[in-house]
Number of protein chains: 2
Amino acid sequence: MFDFTITARNYRARTGIFTTPHGDLLTPVFAPVGTQATVKTLTPEHLQDINASLVLSNTYHLYLRPGDELVRDMGGLHKFMQWHRPMLTDSGGFQVFSLAQTRKIDDDGVTFKSHIDGSTHRFTPEKSISIQENLGADVIMAFDECSDPNDHAYSKLAMERTHRWAERSLKAQTRPDQALFGIVQGGVQTDLRATSAKFIASLNTPGIAIGGLSVGAASLKKKETLDIVTPLLPENKPRYLMGVGTPEDLINGVARGIDIFDCVLPTRLARHHSAFAPEGRLNLMNATFARDEKPIDETCDCYTCITFTRAYIRHLIVAKELLAGTLISIHNLRALIRLMEQIRIYITDGTFESHIPELLNQWANNAKRIVNG
Amino acid sequence: MFDFTITARNYRARTGIFTTPHGDLLTPVFAPVGTQATVKTLTPEHLQDINASLVLSNTYHLYLRPGDELVRDMGGLHKFMQWHRPMLTDSGGFQVFSLAQTRKIDDDGVTFKSHIDGSTHRFTPEKSISIQENLGADVIMAFDECSDPNDHAYSKLAMERTHRWAERSLKAQTRPDQALFGIVQGGVQTDLRATSAKFIASLNTPGIAIGGLSVGAASLKKKETLDIVTPLLPENKPRYLMGVGTPEDLINGVARGIDIFDCVLPTRLARHHSAFAPEGRLNLMNATFARDEKPIDETCDCYTCITFTRAYIRHLIVAKELLAGTLISIHNLRALIRLMEQIRIYITDGTFESHIPELLNQWANNAKRIVNG
């Protein structure tokens with residue numbers, strides 16, 4: 001279980017097969033986010049149709065609602081949400097630390113208030129693992145502390161706590177059928193990242209996550225941080241860059257040896273009428289599209305693109321029809337999954353490194369909204 | 001085109017085949033409502049999967065947004081929304097008359113204000129037909145006036161106007177590939193309904209609609225009205241009972257010779273967490289269902305019922321996930337479509353009349369919400 005076989009390399013980029021109890025993942029892989037045991041507005045059938053393989057769900061949210069014990073009693077997360085391919089849960093750490101106003105951290109754990117009803121709760125490494133064992137994802141995370149990446153003193157403190165918590169998380173694990181990943185922290189501080197990479201690598205977990213780069217870190221700093229971290233990680237373990245997923249981040253991450261990504265971006269953009277397209281990100285509410293008979297992306301093979309015009313999707317948006325979010329979510333997720341499929345082919349062909357400028361250029365306009373389409 | 005072949009009868013109930021440019025409809029048929037060129041929260045794939053055959057869309061809404069000329073220029077309603085089976089549009093009359101505060105009726109037509117932006121518009125029979133020709137549904141409606149069904153004086157006035165408008169609608173029609181139905185009005189006034197049925201029958205339209213019974217008419221009055229109207233209609237034309245669609249209404253309507261139904265009820269209930277089930281209508285938000293591992297309906301063959309538990313759907317509702325509305329809509333629509341499939345079998349077998357008490361009993365609890373499941 002949890003074998004990771006690298007089938008091809010191109011400079012630091014790798015493509016391979018990560019074996020999990022719910023099937024093999026072809027890496028590099030992009031995971032859609034299903035925070036509350038659902039990828040917003042999509043059915044599991046939609047996810048299968050776009051060739052999604054790994055789905056992430058959030059420990060903090062599921063612990064609060066419907067409760068991890070309920071999910072366990074319903075047969076676990078896969079059965080509950082009827083997603084029978086691999087799943088990953090985070091540790092709850094990131095979400096809890098995001099509740100800046102209402103949480104108190106000590107060396108043992110974190111006390112926080114629910115965003116739903118204000119009730120008080122406490123996470124420790126042991127509690128996080130217990131929740132994740134109840135949820136039953138294939139890949140689970142050690143409990144960690146995210147810091148302001150630009151604050152060296154705090155990043156050091158959080159990193160040291162993250163290391164102690166990683167050890168406690170490993171001790172707390174009882175299920176052999178879940179791959180528990182340690183998490184490298186250290187903000188954008190090069191010395192701390194190196195220390196953390198070496199420490200987490202020494203724990204010999206079946207994979208290694210890199211946390212703390214999804215918010216507050218500039219794009220250049222992200223690349224520099226990965227340049228320090230990945231060379232210090234074992235080659236034969238999958239590497240997961242947590243919560244990072246603009247198209248540019250994916251390309252740059254793969255180039256630096258990352259294997260697994262997740263991000264809410266494609267589905268969140270979709271709910272705000274924004275779609276990845278060859279000419280750049282489209283705001284499909286724009287009147288420009290009122291009579292546009294083209295699909296969002298003529299090169300895309302998703303249900304949305306082979307079926308509907310931009311004009312129709314724009315009508316749905318203007319008429320406040322929820323189907324718009326569903327259709328754009330299908331496309332945006334498929335766009336990133338296709339990007340990863342393409343990248344895997346390029347790595348296998350040995351041409352990924354030479355395609356990077358073209359890929360970055362192709363996706364450059366998707367970083368910003370194009371107002372007039 | 002628009003042949004209607006009755007293949008079996010059982011007392012007044014009939015089953016048959018109504019031929020349209022987008023395929024044959026097996027009657028009796030229940031049509032999901034896609035007001036704004038989308039059955040709310042569902043893709044056309046979902047509708048095909050539940051064996052929907054006829055979809056209704058609303059002239060008033062599409063005229064205002066995105067505009068009937070835009071729909072025409074995009075290839076018509078079928079192509080625009082990618083529904084390639086038969087479609088029906090109403091005349092806009094019902095919606096306009098619902099805008100009680102802002103509309104002014106005269107003998108020539110109706111002036112009204114848009115519910116979207118308050119702008120002033122005018123519908124006449126000629127305008128309604130022109131819009132419906134731009135939309136391009138297979139079955140279209142004459143422009144009519146709905147009255148308070150219990151007000152005899154107003155119902156007489158509205159009926160007489162409806163008759164004059166039906167003649168004008170027929171004169172205005174230019175497309176031969178749309179079946180234009182005349183509409184019987186007259187409230188719940190037996191004398192008026194008889195007059196109207198005879199007059200509309202005399203127009204020799206390819207089908208006949210019965211309007212004015214979807215709101216404000218008691219269940220008993222609906223049945224009495226149908227008992228007067230349908231015997232006065234030609235046998236060889238399909239009969240469409242507009243906007244009526246509780247399970248009880250469907251059963252009673254078929255028993256009185258109705259062939260076509262539509263109603264927003266199944267999808268509207270779904271968005272309010274209410275599902276048709278063997279034990280009666282379920283409010284799936286109820287805590288009773290938190291750990292209920294059964295599907296909504298164990299006898300149902302829809303994607304929702306073969307895939308998800310009540311516990312999961314309840315979680316989606318509580319977590320305010322839109323997927324809940326999609327999943328319950330799939331089931332509620334499938335439930336009524338299955339009911340019609342069953343009714344067609346019973347009529348063919350000659351056993352429909354004897355099954356009526358059982359069917360009414362089976363669906364009786366679905367008329368009211370069962371609070372504790």
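In this predicted model, helix α14 (residues 323-349) of chain B packs against helix α15 (residues 352-364) of chain B at an angle of about 160°, and the two axes lie 10 Å apart. Because of this angle, α14(B) runs roughly antiparallel to α15(B). The crossing of the pair is right-handed. On the α14(B) side, the contact is formed by A335(B), L336(B), L339(B), I343(B), Y346(B) and I347(B), which meet F352(B), H355(B), E358(B), L359(B) and W363(B) of α15(B). Sorted by class, the residues in this contact are 9 nonpolar, 1 polar and 1 charged.

From α7(A), the residues H152(A), S155(A), K156(A), M159(A), H163(A), A166(A) and E167(A) meet D191(A), L192(A), T195(A), S196(A), F199(A) and I200(A) of α8(A). The contact of α7(A) with α8(A) is made up of 5 nonpolar, 5 polar and 3 charged residues.

Turning to a strand of chain A, T89(A) belongs to β6, which spans residues 87-89. T89(A) has a relative accessible area of 0% and is therefore buried. The side chain of T89(A) makes a polar contact of 2.9 Å with the side chain of Q132(A). Leaving aside residues up to four places away in sequence, T89(A) touches S57(A), T59(A), L77(A), Q132(A), L135(A), A137(A), V139(A), I140(A) and M141(A).

Terms used
Residues are numbered from 1 along each chain as its sequence is written. Chains are lettered from A and ligands numbered from 1 in the order in which they are written. This is a predicted model: local features need pLDDT of at least 70, side-chain atom pairs count only at pLDDT 80 or more; totals for chains, interfaces and linings use all residues. Side-chain values use heavy atoms; hydrogens and water are left out. Helices (H or I, at least four residues) and strands (E, at least two) are DSSP runs, numbered from the N terminus. Buried means under 20% relative accessible area, exposed over 50%, partly exposed in between (1.4 Å probe, protein chains only). A polar contact is a pair of N or O atoms within 3.5 Å; within protein, one must be able to donate a hydrogen and the other to accept it, and residues adjacent in sequence count only if both atoms are side-chain atoms. Contact means heavy atoms within 4.5 Å. Axes are lines fitted to C-alpha atoms, for helices over the stretch in contact, and angles run from 0 to 180 degrees between N-to-C directions. Angles under 35 degrees count as roughly parallel, over 145 as roughly antiparallel, 65 to 115 as roughly perpendicular and the rest as oblique. A crossing is left-handed if the near helix is turned anticlockwise from the far one by less than a right angle, and right-handed if clockwise. Ala, Val, Leu, Ile, Met, Phe, Trp, Tyr, Cys and Pro count as nonpolar, Asp, Glu, Lys and Arg as charged, and the others, Gly among them, as polar.
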